[in-house]
Amino acid sequence: MNPAAREEAGAHYGWRDWLSQRITAVVMALYTLLVLGVVMWHGGLDYAVWKALFASHAFRLATFLFVVSLLLHAWVGVRNILMDYVKPTALRLTLQVGVICMLIAYAGWTIEILWGSA
């Protein structure tokens, strides 16, 4: 396949995708370890501990970074699946736009949950 065809087909994402998947996975793993550490430190997780955790702006920010990492991780995976298996360009782009809209909505919902009025 010539380089111009590779660019057109989206084959230039390989290294960037690989790196973003690893970085987002590390962020998600670190957050998971943080939550597990909190659970172990407090001997469990009840409503009072949960409420105290989310009263902290630092924990809210860590949670937001986790969710953004999760959304980016999901986007790379879904986009690659769509590029590999959905051959009609119009359908693939429509599905990709739909996925992007959903992921943006999830990010907005996360912001509302973390910093919205309760």
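Predicted model: local features only at pLDDT ≥ 70, side-chain atom pairs only at ≥ 80, totals over all residues.
1. Helix 4 itself covers residues 57–85, 29 residues in total. From first C-alpha to last it reaches 42 Å, close to the 42 Å expected at 1.5 Å a residue.

2. Next, have a look at the core. The largest nonpolar core has 16 residues, and the members touching the most others are Tyr31, Leu53, Phe54, Phe59, Phe66, Leu71 and Leu103. Two or more residues come from each of helix 2 (14–42), helix 3 (47–55), helix 4 and helix 5 (89–115). Helix 4 gives the largest share, six residues.

3. Leaving aside residues up to four places away in sequence, Leu53 touches Val38, Leu45 and Phe59.

4. Now the aromatics: there are six aromatic pairs. One of them, Trp15 with Trp18, is stacked, at 5.2 Å centre to centre with 15 degrees between the planes. These two sit three residues apart in helix 2, so about one helical turn separates them. Trp15 is exposed, at 61% relative accessible area, while Trp18 is partly exposed at 40%.

5. Tyr31 and Phe59 make a tilted pair, 5.8 Å centre to centre and 35 degrees between the planes. This pair links distant parts of the chain, with Tyr31 in helix 2 and Phe59 in helix 4, 28 residues apart.

Note on methods: Residues numbered from 1 in each chain as written. Heavy atoms only, no water. Helix = DSSP H or I, 4+ residues; strand = E, 2+ residues; numbered from the N terminus. Expected span 1.5 Å × (residues − 1). Core = buried A, V, L, I, M, F, W, Y, C linked by side-chain atoms within 4.5 Å. Buried < 20%, exposed > 50% of the residue type's maximum accessible area, 1.4 Å probe, protein only. Contact = heavy atoms within 4.5 Å. Phe/Tyr/Trp six-rings, centres within 6.5 Å; stacked < 30°, edge-to-face > 60°.
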